[in-house]
Amino acid sequence: MNEPAIHCVLFDLDGTLVDTAPDLGNTLNQLMLEEGREPLPQSALRPFASSGARGLLSVGFGMDEKHPDYADLRERFLQIYAENSTLNSTPFPGITNLLHILAERGIHWGVVTNKPGWLTNPLMEKLAFAIAPACVIGGDATPYPKPDPGNLLLACEQIGLEPEHCLYVGDAQRDITAGQRAGMRTVAVRYGYIETGDCADNWGADWMIDHPAQLIDCL
């Protein structure tokens, strides 16, 4: 039996659609300087960028949510990032052309991210994609972020499509898990922010790609 046709491709944001690691890394380094610590090279920070403040505070300060200073540092991190989130973030090479190809085929696209809307929307507005997204869903649109499927299902409601007609693309295990729980087919991107010791081959995605252009072969 043939698989249902794909009518919409939904993307995770950080590490999948847009290379936000430079601004996220610079944010952590500014915070580290404020706290009297030496900044870290971008190469050391890039693998943790997909996990946002949590991942970067972990590598920069060696702390998690249970640390008594975590909440204050996270708040300051988000404050710095909000002021600098659109300086150096750009679509990954090949994304712009991919969106044009999708449009030519009559396939919609959208964003579903764990980044909260108050950070997601300014970035998307600054990028001003020529092919407008059918939806932009921030991580705070429903009570539970990925790997919960709620935001992906909300995207389906907004676009007016059933999940089986959507493809979800991401650079983390939580993306693939959320897509599967929502009833979508999934694509893991190996060009994204994958932490040391993790491997996209183990996430159980329907497809894996090393460049956005390869997504066309999944449709």
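# Central sheet and side-chain pairs

Leu 167 stands opposite Arg 185 in strand E7. Helices (DSSP runs of H or I, at least four residues) and strands (DSSP runs of E, at least two residues) are numbered from the N terminus. The model is predicted, so local features need pLDDT of at least 70 and side-chain atom pairs count only at pLDDT 80 or more, whereas totals for chains, interfaces and linings use all residues. Residues are numbered from 1 along each chain as its sequence is written, and side-chain values use heavy atoms, with hydrogens and water left out.

## The sheet

An open sheet is formed by 6 strands in the order E5-E4-E1-E6-E7-E8, with parallel pairing. Its edge strands, E5 and E8 (207–209), each pair on one side only. On average, neighbouring strands of this sheet are turned by 20° against each other, direction ignored. Two strands count as paired if DSSP finds at least two bridges between them. Axes are lines fitted to C-alpha atoms, for helices over the stretch in contact, and angles run from 0 to 180 degrees between N-to-C directions.

Helix H5 (residues 95–104) lies across E1 and E4, running at about 155° to E1. Helix H8 also packs on the sheet, where it touches E6 and E7, and its direction makes about 170° with that of E7. Contact here means heavy atoms within 4.5 Å.

Strand E6 is largely enclosed by the rest of the structure, because 5 of its 5 residues are buried. Buried means under 20% relative accessible area, exposed means over 50%, and partly exposed lies in between (1.4 Å probe, protein chains only). In a regular strand the side chains alternate between the two faces of the sheet. Both faces of E6 are covered: one side holds the buried Cys 166, Tyr 168 and Gly 170, and the other holds the buried Leu 167 and Val 169.

E6 is joined to strand E1 (residues 8–11) by 4 bridges, and these two strands run parallel. Within E6, Val 169 is the bridge partner of Phe 11, and Tyr 168 is that of Leu 10. E6 also pairs with E7 in the parallel sense over 4 bridges. The chain crosses from E6 through H8 to E7 in a right-handed β-α-β crossover. Right-handed means that, with the strands pointing away from the viewer, the path from the first strand over the helix to the second runs clockwise.

In H8 (residues 173–182), the residues Asp 175, Ile 176, Thr 177, Ala 178, Gly 179 and Ala 182 are buried. The buried residues of this helix pack against helix H7 (150–159), strand E6 (166–170) and strand E7 (185–189). Just after H8, Gly 183 takes a positive phi of about 90°.

## Aromatic pairs

Rings of Phe, Tyr and Trp (its six-membered ring) pair if their centres lie within 6.5 Å; planes under 30 degrees apart count as stacked, over 60 as edge-to-face and the rest as tilted. The structure holds 5 aromatic pairs. Among them is the edge-to-face pair of Trp 109 and Phe 129, at 5.2 Å centre to centre and 75° between the planes. This pair links distant parts of the chain, 20 residues apart: Trp 109 belongs to strand E4 (residues 108–112), and Phe 129 to the loop between helix H6 (117–127) and strand E5 (135–137). Both Trp 109 and Phe 129 are buried. Together with Phe 11, they form one aromatic cluster.

## Salt bridges

A salt bridge is a side-chain nitrogen of Lys or Arg within 4 Å of a carboxyl oxygen of Asp or Glu. By this rule the structure has 7 salt bridges. One of them joins Asp 14 to Lys 115, with the closest N and O atoms 3.0 Å apart. Asp 14 lies in the loop between E1 and strand E2 (18–19) and Lys 115 in the loop between E4 and H6, so the pair ties together parts that are 101 residues apart in sequence.

Another salt bridge forms between the side chains of Arg 46 and Asp 19 (3.1 Å, N to O). Arg 46 is in the loop between helix H2 (42–45) and helix H3 (52–61), and Asp 19 is in strand E2, 27 residues apart.

In a further salt bridge, the closest N and O atoms of Glu 34 and Arg 76 are 2.6 Å apart. Because Glu 34 lies in helix H1 (residues 21–34) and Arg 76 in helix H4 (residues 70–84), this pair ties together parts that are 42 residues apart in sequence.

| Residue | Relative accessible area | Class |
|---|---|---|
| Asp 14 | 6% | buried |
| Lys 115 | 9% | buried |
| Asp 19 | 15% | buried |
| Arg 46 | 31% | partly exposed |
| Glu 34 | 40% | partly exposed |
| Arg 76 | 26% | partly exposed |

Salt bridges that share partners also join Asp 12, Lys 146 and Asp 175 into one network.
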